Amino acid sequence: MSVAEYAAKHGLKRVGAREPFFSYLKHAWLRRDFAYTMAQFTNQASMAGNRLGRWWLILQPAIQAGVYGLIFGVLLGSSRPHNFVPFLFTGVFLFAFMQSAFQQGASSITGNFGLVRSLSFPRILLPANSTIQQIFALMPQLGLLVVTLLLTGQQISWSWLLLVPIVALMIIFGFGVAALSARLTVQIQDLSKLIPFITRIMFYVSGIFFSPARVLGHYPVALKIAELNPVYVYISLARGVTISGYSASLQDWVAGIVWALVALISGTWFFWRAEERYGREI
Amino acid sequence: MAAKSKPKLEDRKPVVIVDDVHVVYKVLASGKRASRANAGGGMFSRGLKLREVHAVKGVSFTIYEGDSVGIIGTNGSGKSSLMTAIAGVNPIEKGAIYASARPMLLGVGAVLIPAISGLKNILLGGLAMGYSRKEINASAKAITDFAGLEEFIDLPMKAYSSGMSARLRFAIAASRDHDILIIDEALSVGDQQFRNRSEARMREMRDNAGTVFLVSHSMKSIIDTCTRCIWIEKGELIMDGTPKEVVKAYNKFVGSTTVD
């Protein structure tokens, strides 16, 4: 009798063996409270040391948007896009979410190594936890965004409610990216050095402070690529349903849904494939 | 140990089977001695290569129901690597480990979140182990009392001494009956009073048909609490037997004459 047969005869299971994909997801789902609670506590802890506490959740994005508004507003002069202030704020806030989903997701395993080494739970809860943390940070920014829209004289309308599915799609996309980058940084640590450059490049090419149609009007292929860039897609959708003079195209909607699904499925699948390896040093 | 080691297959009910397990760490290092000659040129350190550290080299054993196993060995012998592998949190290079239930590891390295309070860490630890909020809230008081931290439970854990946080971690893990519990030197930081309390708890768990692994440098607690002892040295299993005889052989090896 082989050892495996002997183990099976007595009902023993192999330790650390990767579960089948769907039962893995099911187990992770059953423990979602852990990811949520951890996000909540880490968030509280990160605010606890500051005198202004939670106010920073509003102050930080407000300062950031103010700085960008000043710099790009002056720099761009008359070539500013139409309705510049809400245009820029939408871009900056949504971009901040996707950027930190990617950055924090990338360090969600490597940064919680102690936890990974001491407790066994479906590891996908860690990128999930880091995405939930970013959602907590996003909510006050969305509130600030709505205030900005009202202050700049945008007509409130039912189409604003479409922000909910748009943000939901963006969150799904962000989680997929977090799972992908979480595994990649475990296996290739050098990647963490490149992440700041990747996010910087994305910031400059995703139409945060300019409209790709105006800049790339003469280059149809480049324009198409710029318009299908997922970061731009979600920002453009959000602008389309809130700011007058902009509209969400069908192409944006399709691209937004496709990107979210592609990121979610490929991210969880790719992450799950390496489940047994996350405790490894390199 | 040239031949592949094999675990013994008896007819008693096995709980953990460790079958020819190898743990290998890959470390990116230059492999040069630090000397003046090598001090320059470090900036673009060529010769950086993947070095392998073979921490566990083909260990095999079978643990049966009701065993409580002491694991001994000198520092760096591979005890902790083997224990984290049994807990399923350290990937193994070769071989297989089978267990009747998910082993719960309690080690000195077990960190939750230092910036949040002890009480919140109790909640978080419980959730990670898969318990519901309700179950944890019901046992939070008992955990706090067991750890002896009533006055400090609302303070952030970073304000705790190392003994205090070790006590809390043990209390969290020991709050429930685990079928298989691995305790990796977690008790060594606690004071005598806490040590007595936790040894009593370990015996209680063992009596409830639980299996306990205890990694310790205290030969006294091994002899006091274990029914079996395994000695590991340089990643290989040297001896497997009753605590008394293994500890005697180990003491001879390290040149110690007293029991503790």
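Which residues make the nonpolar surface patch of about 830 Å²? The patch is made by A:Leu52, A:Trp55, A:Leu59, A:Ile63, A:Val67, A:Leu70, A:Ile71 and A:Leu75. The model is predicted. A search of the whole structure also finds 2 cavities of 30 Å³ or more.

**Surface patch, chain A**
- A:Ile71 is one of the patch residues.
- Helix α4 of chain A, residues 55-76, contains A:Ile71.

**Second largest cavity, chain B**
- The second largest cavity holds about 50 Å³ of space.
- Its lining consists of B:Ile122, B:Gly126, B:Met129, B:Tyr131, B:Glu135, B:Ile136, B:Ser139, B:Ile143, B:Ile172, B:Ser175 and B:Arg176.
- By class, the lining residues of this cavity split into 6 nonpolar, 3 polar and 2 charged.
- Two helices of chain B, α3 (118-128) and α4 (133-147), each supply at least two lining residues.
- The most comes from α4(B), with 4 residues.

**Loop residue B:Pro114**
- B:Pro114 sits in the loop between β5 (104-107) and α3 of chain B.
- α3 of chain B also supplies residues to the lining of the second largest cavity.
- B:Pro114 is partly exposed, at a relative accessible area of 42%.
- In sequence, B:Pro114 and B:Tyr160 are 46 residues apart.
- In space, B:Pro114 and B:Tyr160 are 9.0 Å apart, C-alpha to C-alpha.

Conventions
Residues are numbered from 1 along each chain as its sequence is written. Chains are lettered from A and ligands numbered from 1 in the order in which they are written. This is a predicted model: local features need pLDDT of at least 70, side-chain atom pairs count only at pLDDT 80 or more; totals for chains, interfaces and linings use all residues. Side-chain values use heavy atoms; hydrogens and water are left out. Patches are made of residues with over 30% relative accessible area and no salt bridge: like charges are joined within 9 Å, nonpolar side chains (Val, Leu, Ile, Met, Phe, Trp, Tyr) within 5 Å. Accessible areas come from the Shrake-Rupley method with a 1.4 Å probe; for residues, only the protein chains shown count as cover. A salt bridge is a side-chain nitrogen of Lys or Arg within 4 Å of a carboxyl oxygen of Asp or Glu. On a 1 Å grid over the protein atoms alone, a cavity is a set of points where a 1.4 Å probe fits but cannot get out, and a pocket is an open set with protein on both sides within 12 Å along at least five of seven lines; lining residues have an atom within 4 Å of a point. Grid points are joined across faces, edges and corners, and a volume is the space filled by probe spheres set on the points. Ala, Val, Leu, Ile, Met, Phe, Trp, Tyr, Cys and Pro count as nonpolar, Asp, Glu, Lys and Arg as charged, and the others, Gly among them, as polar. Buried means under 20% relative accessible area, exposed over 50%, partly exposed in between (1.4 Å probe, protein chains only).
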